[in-house]
Amino acid sequence: MRKAEKLLVSSIKAHKKGKILKAKVCQGLLRTLFGCDIMYTSDIHESIQLVHNGLGCVFHPGVIIGNGCRIYQNVTLGGNGKIVNGEPINKGGPRLEDNVTVFAGACVLGPITIGEGSIIGANAVVTRDVPPNSIAVGSPAVIKPKKYEYNFGN
């Protein structure tokens, strides 16, 4: 487990136990040392892999990340910021199901679901649901079924 992953997991666990000060300290260290902004209120499985220590990653406070997900540097998992008549709509962040890989620079925006085993390509901009075992690439993202199994190693 990388240092950033340890800090993130410690922050989330501390928050769940009601130890808010410890959660905030861990979150602050994560932001200061690795330049990533991930709130302790996020629902992130402890098996997350922040490749390159999550450098530059920014996650919505309500993001949900499942088991075995890999996230590379400079990834944004955020809200979509839609406001209609002064009221925010489509509140919330993305949900990544198990074994999703998000490559460098990708933006996954809005309360959308990325299906199990899917891959988000580098610099993709994803604003709609991605079915399981799919690949989303480009800006805006084009979603295609995954033809092969990929092994990214550990």
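Val 25 is partly exposed, because its relative accessible area is 45%, which falls between the 20% limit for buried and the 50% limit for exposed. Before I go on, please keep in mind that this is a predicted model.

Where does Val 25 sit? Its place is in helix H2, which covers residues 20-34. Val 25 also belongs to a nonpolar patch on the surface, together with Leu 21, Leu 29 and Leu 33. Taken together, these four residues have about 400 Å² of accessible area.

Strand E10 is residues 101-102, strand E13 is residues 119-120, and the two pair in the parallel sense over two bridges. Within this pair, Val 102 has Ile 120 of E13 as its bridge partner.

Strand E10 also holds Thr 101. Is Thr 101 buried or exposed? Thr 101 counts as buried because its relative accessibility is 5%, and the cut-off for buried is under 20%.

What is Thr 101 in contact with, if we leave aside its neighbours within four places in sequence? The residues are Arg 70, Tyr 72, Ser 118, Ile 119, Ile 120 and Phe 152. Of these, Ile 120 has already come up, as the bridge partner of Val 102.

How values were computed. Residues numbered from 1 in each chain as written. Predicted model: local features only at pLDDT ≥ 70, side-chain atom pairs only at ≥ 80, totals over all residues. Heavy atoms only, no water. Patch = residues over 30% accessible without salt bridge, like charges linked within 9 Å, V, L, I, M, F, W, Y side chains within 5 Å. Areas by Shrake-Rupley, 256 points an atom, 1.4 Å probe, with all protein chains shown as cover. Salt bridge = Lys/Arg side-chain N within 4 Å of Asp/Glu carboxyl O. Helix = DSSP H or I, 4+ residues; strand = E, 2+ residues; numbered from the N terminus. Buried < 20%, exposed > 50% of the residue type's maximum accessible area, 1.4 Å probe, protein only. Pairing = 2+ DSSP bridges. Contact = heavy atoms within 4.5 Å.
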